Amino acid sequence: MQQIALNIIAIGVFIISVFSMLGPILHISPLVPVFIVLLLLFFLGIDAVLLQNRGISVFLEFLGGKKHRQRVIHHEAGHFLIAYLLDIPILDYSLSTLDAWRKGHKGSGGVVLGIEQIKDKETSLEKFCTVAMAGIAAEQIVYKDAQGGEDDRQHLYSLLLRKGLNRKSHPLKERTALLQAKDLLSKNSSTYQSIVDLMEQGSSIEQCYLALALGKEPSTVPAESLVLS
Ligand SMILES: [Zn+2]
């Protein structure tokens with residue numbers, strides 16, 4: 001949401017800057033950029049109220065092009081692989097706002113986990129933390145930095161708060177989960193690449209599970225190493 005607001009401001013500043021430079025040369029009234037910005041704000045308001053900012057998200061994803069899509073795929077493949085390795089059911093995934101909208105998912109897409117299907121919810125906290133940080137971990141491994149993942153951090157913090165863990169403990173939990181996710185991704189790099197390829201091809205969740213089942217059994221860490229002190 002904050003990123004969207006910053007992008008909107010950037011677009012507004014860009015429009016005003018362009019017209020400030022070209023307006024006198026092309027004899028365009030100074031009221032034109034003001035009108036365009038007001039029109040833009042009107043449509044953004046409609047988008048925010050009626051479409052939960054999906055319109056601007058689709059536009060920004062379009063501007064991001066193939067590079068943005070590749071980063072999203074690598075981020076979501078990180079969530080996917082770690083959820084798979086930790087036996088957290090994956091119901092579906094989407095790679096863009098339009099894709100998520102079409103499939104009836106919330107927000108701008110991502111991996112949909114079957115939380116209700118997990119029987120032992122208490123011992124799953126560390127697993128969820130690791131899955132939550134897996135997108136950031138994947139980006140850091142592949143791109144050396146992470147552009148996405150702020151929503152993941154917020155999910156992690158709200159989960160820890162719901163479990164009664166105070167805010168002081170959150171940074172350590174986050175770092176531990178990130179290291180755990182990076183370790184698992186590094187140990188299963190070929191499986192990770194398979195998921196990236198499958199997502200790139202738009203494979204269904206069934207096709208992804210089948211491909212993983214037919215592939216080499218991925219290596220997992222011992223169960224006790226998932227328990228945080
Ligand atoms: Zn994520």
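This is a short tour of a predicted model, one selection at a time.

**Before you start**

Residues are numbered from 1 along each chain as its sequence is written. Because the model is predicted, local features need pLDDT of at least 70, side-chain atom pairs count only at pLDDT 80 or more, and totals for chains, interfaces and linings use all residues.

**Stop 1: the whole chain**

Show everything as a cartoon. The protein has 9 helices and 2 strands. Helices (H or I, at least four residues) and strands (E, at least two) are DSSP runs, numbered from the N terminus. Follow the chain from the N terminus: the order is α-α-α-β-α-β-α-α-α-α-α.

Now colour by pLDDT, the predictor's confidence in each residue, from 0 to 100. The mean for the protein is 82, and 88% of its residues reach 70 or more. Among the elements, helix α1 (residues 2-26) has the lowest mean, 73, while α7 has the highest, 95. Next, select residues 219-229. Their pLDDT is below 50, and the stretch has 12 contacts in the model beyond near neighbours in sequence. Two residues are in contact if their C-beta atoms, placed from the backbone, lie within 7 Å.

**Stop 2: helix α2**

Select residues 31-51, which form helix α2. Is it buried or in the open? Of its 21 residues, the number buried is 0, so α2 lies largely in the open. A residue is buried if 20 or more other C-beta atoms lie within 10 Å of its own, exposed if 12 or fewer, and partly exposed in between; C-beta atoms are placed from the backbone. The end C-alpha atoms of α2 are 29 Å apart, which agrees with the 30 Å it should span at 1.5 Å a residue. The expected span is 1.5 Å times one less than the number of residues.

**Stop 3: the core**

Of the 229 residues, 28% count as buried. In soluble globular proteins, nonpolar side chains tend to be buried together. Here, the largest nonpolar core has 39 residues. Such a core is a set of buried Ala, Val, Leu, Ile, Met, Phe, Trp, Tyr and Cys residues joined through C-beta atoms within 7 Å. Select A77, L81, I82, A83, M133, A181 and I195, which touch the most other members. The elements giving two or more residues to this core are α3, β2 (110-113), α5, α6, α7 and α8 (189-200).

Zoom in on I82. Which residues does I82 touch, not counting those up to four places away in sequence? They are T130, V131, A134, A181 and L184.

**Stop 4: helix α5 and its end**

Select residues 125-143, helix α5. From first C-alpha to last, α5 reaches 28 Å, close to the 27 Å expected for its 19 residues. Look for a kink of about 40 degrees, centred on A134. The bend at a residue is the angle between axes fitted to the seven residues ending there and the seven starting there.

Move to K144, in the loop between α5 and α6 (150-162). Its phi is positive, about 70 degrees. K144 is exposed, with 7 other C-beta atoms within 10 Å.

**Stop 5**

Pick S186 in helix α7 (residues 170-187). S186 is exposed, with 11 other C-beta atoms within 10 Å. Its C-alpha is separated by 8.3 Å from that of I141, 45 residues apart along the chain.

Finish at D87, in the loop between α3 (54-85) and β1 (90-94). Phi of D87 is near 60 degrees, a positive value in a residue other than glycine.
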